[in-house]
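Visitor: Please take one part of this model and go over it closely. Give the cut-offs for each term as you use it.

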Amino acid sequence: MGQIASEVERRLANLGFVLPEPAAPLANYVPAVRSGALLLISGQLPLGPDGKLAEDHVGKVGAGVDEAAASQAAALCALNCLAQARAHLGDLDRIGRCLRLGGFINCAEDFTRLAVVMNGASDLMATALGERGTHARSTVGVAQLPLGACVEVEAIFEITP
């Protein structure tokens, strides 16, 4: 196995995370768009290293999917956002800052702990990028997500030259 060149990837590897191959789009969109110093990452699902959703990441949070599994799913989504960024940039150390994460939680109508679920993504981003990983965010409960996933996360990164 080759040496990891990126400091961000070394941090993740030290915690047991390996960036997966970036997922191909499920419909008519691109996974990332760069505009000036911004890199916008399309919503990422909690696909595992095998490119599939784990059984405990399918369904509604608060009605079949527990909060802890959903938080782990959000962390996987954030990891997949970083995988898309690496595919687009070649080096995650080019990320100057994570500006924003957007989280969509497929949840039961009465589930209100959306922020706790989304902390999985925020915590992973802060771990991976350090101070550059602090970000603004939105978290929204939704009725359904692609493939029945319990969480989807999108990201906006500021890129350094």
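Guide: What follows is a close look at strand E5 and the parts linked to it. The model is predicted, so local features need pLDDT of at least 70 and side-chain atom pairs count only at pLDDT 80 or more, while totals for chains, interfaces and linings use all residues. Residues are numbered from 1 along each chain as its sequence is written, and side-chain values use heavy atoms, with hydrogens and water left out.

Strand E5 covers residues 95-106 and pairs in the parallel sense with strand E6, residues 136-142, over seven bridges. Helices (H or I, at least four residues) and strands (E, at least two) are DSSP runs numbered from the N terminus, and two strands pair if DSSP finds at least two bridges between them. Within this pairing, Leu101 stands opposite Arg137 in E6. From E5 the chain passes through helix H3 (residues 114-129) to E6, a β-α-β crossover that is right-handed. That term applies if, with the strands pointing away from the viewer, the path from the first strand over the helix to the second runs clockwise.

Ser122 is located in helix H3. Leaving aside neighbours within four places in sequence, Ser122 is in contact (heavy atoms within 4.5 Å) with Leu101, His135 and Arg137. At 11% relative accessibility, Ser122 counts as buried; buried means under 20% relative accessible area, exposed over 50% and partly exposed in between, with a 1.4 Å probe and protein chains only.

Now the charged side chains. Those of opposite charge can pair when their charged atoms come close. A salt bridge here is a side-chain nitrogen of Lys or Arg within 4 Å of a carboxyl oxygen of Asp or Glu, and by this rule there are four. One of them joins Glu154 and Arg100, at 3.3 Å from N to O. Because Glu154 lies in strand E7 (residues 151-159) and Arg100 in strand E5, this pair ties together parts that are 54 residues apart in sequence. Glu154 is partly exposed at 25% relative accessibility, and Arg100 is partly exposed at 26%.

Another salt bridge joins Arg113 and Glu67, at 2.7 Å from N to O. Arg113 lies in the loop between E5 and H3 and Glu67 in helix H2 (residues 67-89), so parts 46 residues apart in sequence are tied together. Arg113 has 44% relative accessibility and counts as partly exposed; Glu67, at 24%, is also partly exposed.
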